[in-house]
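Take a walk through this protein, one part after another. The sequence and the structure come first, and the explanation follows.

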Amino acid sequence: MEISFHNNMFSLLLLLLPSLSFSPSAWAACNAVDKEALLGFKRTITADPSRLLQSWISSTDCCTSWKGVACNAVGRVVNVTRSGLVSDDDDHLDTFMNGTLSPSLGNLSYLQLLDLSNLKNLNGPIPPEFGKLRRLTHLFLNSNQLTGSILATFKHLSRLERLFLNNNHISGIIPFSVIGSLTALTELGLSDNQLRGSIPATIGKLVLLTKLDLHANNLSGSLPTTIGKLKSLKYLDLSQNTIKGSIPKSIGGLSALVLLDLNQNQITGSIPSSISGLISLQFCRISENKLTGSLPPSIGHLPSIQRLILENNKLTGKLPATMGHLVALTELFLSNNRITSKIPSSFSNLQNLQTLDLSRNHLSGELPTELAKLQNLQTLDLSFNPLGLVSIPKWFAKLKLFRLMLAKTGIRGSLPRWLSSTSISTLDLSDNALTGKLPPWIGNMTSLSLLNLSNNGLHSSIPAEFKNLRRLMDLDLHSNKFSGNLDTIFSKGTDDPIGHYNSIDLSDNMFAGPINDSVLQSSAMDSITSLVLSYNLLKGSIPKSIRKLSELRILKVVSNGLSGKIPVELGDAMGLTTILLSRNNLMGSIPGKVINLNELKEFDVSHNQLRGEIPPHKAIIPVSSFIGNPGLCGAPLPPCE
């Protein structure tokens, strides 16, 4: 999560009011030392296309004429603000500057605020002379290309309240002595750098700290127990590092903490029961770690928690019934763990819950009917649990779901008709034992954008009512027994700007007939990126209209009965990365335009009836992609005679 950097510049100006004078008669001329310090910085700037320093002219007064410079009543520079502007408004430009930080800036002995953030191209190290800025309270150098390390001289900046060096290329360790000296700090942002080593135990001395953002570095070691001393801390983001060890019990002392993000580390051990001390916590993400053990019952004593994300760990045991006390909870992600037993009926108390993802665990037993009370629930994912549902419980019809995922939960028989009266946009019932036909009422599910019924036992042709799915964009019916032609699927309606296919997978069915040239030109197909039709009974040639699929990246039509030539028009789909046409009856030569597509990574036309020389090509394609064509020759096959 990103800290909101100095987004209220007005509040910073208020801090400086006692030392600023706005009466024209009260201004003293700019101090000569300060002016030269600023001009020294300007000389190290090699490009200023946004003209941020255009007004910095030696013949004018830096206090009254230079943009981005403010002075106190005696002409000493206290504020330098030349940051890049990012705004959605047409009035603001995204500005930048090339060059380095001049050591001369260290001579601004009265400087309180230095903001050179978001200039994109400031590079080189931070000069050690910055350690002389003893009055500095705010330093913003984030979003540049700065290198080097965090300077030992920073320990002299004892008045520093806000320090942001994030989004640079700063490396090395976080010095213990520096962190322990900056006791006035309230906000520290060092994220998106290349820092390594441990988080200093001296971090515990920063008792005024409210925001600490160290995410996206190479930090290792364990979380220091002293972190529990930061009683004012509201925002803690240590995600995307390689932090090891367990979560210290002392973390329970962070009673003011609102956001905790430890995502993507290597944290082990169990969640300490002291977590109940985080009474202000609203967002908690400790996903993608190596947590083990059961969830402590005390996790149910987080009165403010709204989003709890613990997916992709190795958590075991039961879901504590106490989690039913988390009445403020809106999102719960526990997927891909090893949690067992039933879902507690107390979950029905989570009246604000909008997303419940318990997929890929070892949950079993009957689903509590009390969950029908969750009238704010929009997303329910119980996929890949041995629930043995047999059928989708009828009380699901009382929920107001937009996304329902029940893949591999033991569902059998036909699709329940009550689905036709829902507003579900995502329906995943794959990897079950569904049988029967795709019912005509599927056309009533007009909100569907994703439908996955793959790996079941459904059969028959696609009903004409399928064309009513005008919002459908992703369709996966692979590994069933569907038959008939593809026209109904390809020529369905759209509800502009949505309803244009992203992906279709119809592989491993019994679809037959030709691929009609006209249906590939339908509006539903005009932005498709992945088309997989392998292992069917398709015949005829590949339509030349395939050139219209300008967004196509993946085309797989393996093991059908396609005949005719590979159309040279396939080379007009410039973004293709994968073309798999093996085990058909294709004839003729391989078009050079197709095999030389710039993005092509995977190409296989083996076991066809192709002839002629393989065109020279840049992509590395193995021999196996051409075998089974007796008439083909040329690299990587033997040369032509």
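**A guided tour**

Cys62 is buried, with a relative accessible area of 0%. Buried here means under 20% relative accessible area; exposed means over 50%, and partly exposed lies in between, with a 1.4 Å probe and protein chains only. The model is predicted: local features need pLDDT of at least 70, side-chain atom pairs count only at pLDDT 80 or more, and totals for chains, interfaces and linings use all residues. Residues are numbered from 1 along each chain as its sequence is written, and side-chain values use heavy atoms, with hydrogens and water left out.

Stay with Cys62 and look for its partner. A disulfide joins Cys30 to Cys62, with an S to S distance of 1.7 Å. The term covers a pair of cysteine sulfur atoms within 2.5 Å. Helices (H or I, at least four residues) and strands (E, at least two) are DSSP runs, numbered from the N terminus. Cys30 also counts as buried, at 12% relative accessibility.

How many disulfides does the rule give? The count comes to three. Cys63 and Cys71 form another of them, with an S to S distance of 2.1 Å. Its torsion is about -90°, so the Cys63 and Cys71 disulfide is left-handed. Both Cys63 and Cys71 are buried. Then there is the bond between Cys633 and Cys640, whose sulfur atoms are 1.8 Å apart. Here the torsion is about 90°, so the disulfide is right-handed. Cys633 counts as buried at 16% relative accessibility, while Cys640 counts as partly exposed at 33%. With the bonded cysteines numbered in sequence order, the pairing is 1-2, 3-4, 5-6. One more cysteine deserves a look: Cys284 is buried, with a relative accessible area of 0%.

An unreviewed UniProt entry annotates residues 34-72 as "domain: Leucine-rich repeat-containing N-terminal plant-type". UniProt positions are given in the numbering used here, feature names are shortened, and annotations may be inferred rather than shown by experiment. In the model, the end C-alpha atoms of residues 34-72 lie 12 Å apart. The span is 26% helix and 15% strand.

Four strands form an open sheet in the order 1-4-6-8, and the pairing is mixed. Two strands pair if DSSP finds at least two bridges between them. Strand 1 and strand 8 (145-147) stand at the edges. Each has a single partner strand, so one side of each is left without a neighbour in the sheet. The twist averages 15° from one strand to the next. That angle uses axes, which are lines fitted to C-alpha atoms, for helices over the stretch in contact; angles run from 0 to 180 degrees between N-to-C directions. Strand 1 and strand 4 (residues 97-100) pair in the antiparallel sense over two bridges. Ile45 has Gly99 in strand 4 as its bridge partner.

Is Leu165 buried or exposed? Leu165 is buried, with a relative accessible area of 1%. Leaving out residues up to four places away in sequence, Leu165 touches Ile126, Leu141, Asn142, Phe154, Ile170, Gly189, Leu190 and Asn193. A contact means heavy atoms within 4.5 Å.

Now step back to the whole protein. The secondary structure comes to five helices and 42 strands. The C-alpha trace spans about 90 × 70 × 45 Å along its principal axes. Of the 641 residues, 54% are buried. Among contacts between residues at least 6 apart in sequence, 55% join residues at least 24 apart. The domain assignment gives domain 1 (293-301 + 312-387), domain 2 (400-527) and domain 3 (549-640). These bounds come from an automatic or database domain assignment. The C-alpha centres of domain 2 and domain 3 lie 30 Å apart.
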